[in-house]
Amino acid sequence: MSDANRPSARDDLFASPLGNIPRFAFDQAVVDVFPDMIQRSVPGYQTIINLCGELAARFVQADSNCYDLGCSLGASSLAIRQQIQQPGVTIVAVDNSAAMLARCQTLLQSDQAATAVELVEADICDIEINNASLVVMNFTLQFIAIEKRQALLEKIYAGLNPGGCLVISEKLLFEPESLNQLLSELHHQFKSAQGYSDLEISQKRDSLENILIPETLETHINRIKACGFNSASPWFQCFNFASLVAVK
Ligand code: GEK
């Protein structure tokens, strides 16, 4: 387990009654508890991060770039970095939260792996992607406005080299609503088992309303294919969280 996902200060940001629930933001308070928050909120998070390393070992080409879009504290970048044997590779880790990147920089400095990591503070919709052999977007697309998602995926497809790999991990929406309700309740049970109270779960949900916008698996796969990928498939799912892989 890398430092970026080693349990941190305990996430109790939503533990007390908040009255007016603030809109969720990736600010310093979230940074301080982020590893604990994401591991106790996203079922399968660590499995997905580890798999990104496995995919890096398989797909990363010499003298190419890997992109970690919405890198937060760099957990995916570190997992990838530890598996790269090829020379001339740069991992470009992008996030638009200055607080996340400042902590990410510190964590990267304590990692000894040889591959270069370039941290970029930017909106992932505004960056260039080129000469990519691996693009990882773990739980980030869900924070991008729906109308910008197609263009972002098209840019990624254009920037990937032939044989390059895209990983997208997301919270999912289900149809019909009864199925969505079931999977949401199972996720709620998961969070309860991780020690979150009903109040914490409901205040966090309200805080993320209209900020984290999930879509169905079918919508994701159709979009990925519409960008030019021949195929895409979930390789992991637990309740309403899944990770998809597509190869150019
Ligand atoms: C991990 N991948 O640990 N441009 C750049 N960054 C953004 C944007 C944007 N438009 N919108 C949100 N972010 C990580 C976890 S967290 C997921 C990713 C979560 C960033 C935001 O600042 C945050 O750091 C990250 O995307 C989402 O594997 O907290 O649920």
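Biologist: How many helices and strands does the chain have?

Modeller: This is a predicted model, and its chain holds eight helices and eight strands. The radius of gyration is 17 Å, close to the 18 Å that the globule rule gives for 248 residues, so the chain is as compact as a globular protein of that length. The C-alpha trace spans about 50 × 40 × 30 Å along its principal axes.

Biologist: What share of the residues in the chain is buried?

Modeller: A residue counts as buried when its relative accessible area is under 20%. By that cut-off, 51% of the 248 residues are buried. The accessible surface of the chain comes to about 11,000 Å², and carbon and sulfur atoms contribute 50% of that surface.

Biologist: Is strand β4 mostly covered or uncovered?

Modeller: Strand β4, residues 132–138, is mostly covered, as seven of its seven residues are buried.

Biologist: Which strands does β4 pair with?

Modeller: Strand β1, residues 65–69, runs parallel to β4 and is joined to it by four bridges; here C66 has L134 of β4 as its bridge partner. Strand β5, residues 160–173, also runs parallel to β4, with six bridges between them. There, N138 has S169 of β5 as its bridge partner.

Terms used: Residues numbered from 1 in each chain as written. Predicted model: local features only at pLDDT ≥ 70, side-chain atom pairs only at ≥ 80, totals over all residues. Heavy atoms only, no water. Helix = DSSP H or I, 4+ residues; strand = E, 2+ residues; numbered from the N terminus. Rg over C-alpha atoms; globule rule 2.2 N^0.38 Å. Buried < 20%, exposed > 50% of the residue type's maximum accessible area, 1.4 Å probe, protein only. Areas by Shrake-Rupley, 256 points an atom, 1.4 Å probe, with all protein chains shown as cover. Pairing = 2+ DSSP bridges.
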